[in-house]
Amino acid sequence: MAKIGYARVSTKDQNLDLQLAELEKAGCEKVYSEHKSGVKARLELAEAIKYLRKGDILVVYKFDRLGRSLSDLLNIISELHEKGVSIQSLKDNIDTSSTSGKLMMHIFASLAEFERDLIVERTQAGRKAAMAKGKKMGRPKLKRHTKAKATVSLYKNGMTIDEIQKQLGIKSKSSIYRFLRIEGIEPTRKPHICKKK
């Protein structure tokens, strides 16, 4: 069984010293640390999770150093528990290997689920209210004839089928071929070359 530490600060101005000192005092034999915002990829955390083995304990100064939100924290804890790894938060005084620590995690999980349900409920209520006022939901779509004209124009300017598909956000190549045929053009895989009169 090994104690592995993880420390994180959100900005370059913040200092890791306090977290590192506490993790060392807690008996961590290896510590992963990073200066990253919770929104960006946390490469050191990924390395720590990869390093941990069954029976190990991941030690953090506070749970907010581990997850960017309650649901994110619970996902990380769940992933570690599947590996047989416990988590200890020094400042929160919670150890997920203990009975009381497991109880706290169940309470956190219930709160996260409650939070998700509230968000869904509010989103649906907002959508219904907007639709009742006549607002159309979703991204406005280009009309089919507009896309057909744009397809032909790009094809005549020498764009390939792949380039046109990407440029106009058309899901299938068959739609592009159909648009071109509507305009009397028999498409090929090669870029269209305008013949000089």
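These are my notebook entries on a predicted model of one protein chain.

**Ground rules**

I number residues from 1 along each chain as its sequence is written, and for side-chain values I use heavy atoms, with hydrogens and water left out. Since I am working from a predicted model, local features need pLDDT of at least 70 and side-chain atom pairs count only at pLDDT 80 or more, while totals for chains, interfaces and linings use all residues.

**Entry: the overall layout**

I started with the protein chain, which has seven helices and five strands. Helices (H or I, at least four residues) and strands (E, at least two) are DSSP runs, numbered from the N terminus. Reading along the sequence, I get the pattern β-α-β-α-β-α-β-β-α-α-α-α.

Next I looked up burial. Buried means under 20% relative accessible area, exposed means over 50%, and partly exposed lies in between (1.4 Å probe, protein chains only). Of the 197 residues in the protein chain, 33% count as buried.

Then I looked up contacts, meaning heavy atoms within 4.5 Å. Among those between residues at least 6 apart in sequence, 62% join residues at least 24 apart.

**Entry: the start of the chain**

Met1 sits in the segment before E1. I find Met1 exposed, with a relative accessible area of 77%. Leaving aside neighbours within four places in sequence, Met1 is in contact with Gly55, Asp56 and Ile57. I also checked Val85: Met1 and Val85 are 84 residues apart in sequence and 9.5 Å apart in space, C-alpha to C-alpha.

**Entry: Glu34**

Is Glu34 buried or exposed? Glu34 is buried, at a relative accessible area of 6%. I located Glu34 in strand E2. Not counting residues up to four places away in sequence, Glu34 touches Tyr6, Ala7, Arg8, Val9, Leu16, Arg42, Leu43, Glu44 and Leu45. For Arg8 I noted the spacing too: Glu34 and Arg8 are 26 residues apart in sequence, and their C-alpha atoms are 5.0 Å apart.

**Entry: the two sides of H2**

In helix H2 (residues 43–51) I listed Leu45, Ala48 and Ile49 as the buried residues. They cover an arc of only 95° around the axis, so they are on the same side of H2. The arc is that of the directions from the helix axis to the C-beta atoms. On the other side of H2, I see Leu43 and Lys50 exposed. The buried residues of H2 pack against strand E1 (3–9), strand E2 (30–35) and H3.

**Entry: the nonpolar cores**

A nonpolar core is a set of buried Ala, Val, Leu, Ile, Met, Phe, Trp, Tyr and Cys residues joined through side-chain atoms within 4.5 Å. I count 22 residues in the largest one, and Tyr6, Leu58, Phe63, Leu66, Leu80 and Met105 have the most contacts inside it. Which elements each supply at least two residues of this core? They are E1, H2, strand E3 (57–60), H3 and H4. H3 gives the largest share of this core, five residues.

I followed up on Leu66. Not counting residues up to four places away in sequence, Leu66 touches Tyr6, Arg42, Leu45, Leu58, Val60, Asp72, Leu73, Ile76 and Ile87. There is also a second, separate core of 12 residues, which includes Ala148, Val152, Ile164 and Tyr177.

**Entry: H6 and what follows**

In helix H6 (residues 161–168) I find Ile161, Ile164 and Gln165 buried. They cover an arc of only 100° around the axis, which puts them on the same side of H6. The face turned away from the buried side of H6 carries the exposed residues Lys166 and Gln167. Just after H6, Gly169 takes a positive phi of about 65°.

**Entry: Asn93**

Most residues other than glycine have a negative phi. I noted Asn93 for its phi near 55°, a positive value in a residue other than glycine. Asn93 lies in the loop between strand E4 (86–89) and strand E5 (94–95). At 70% relative accessibility, I count Asn93 as exposed.
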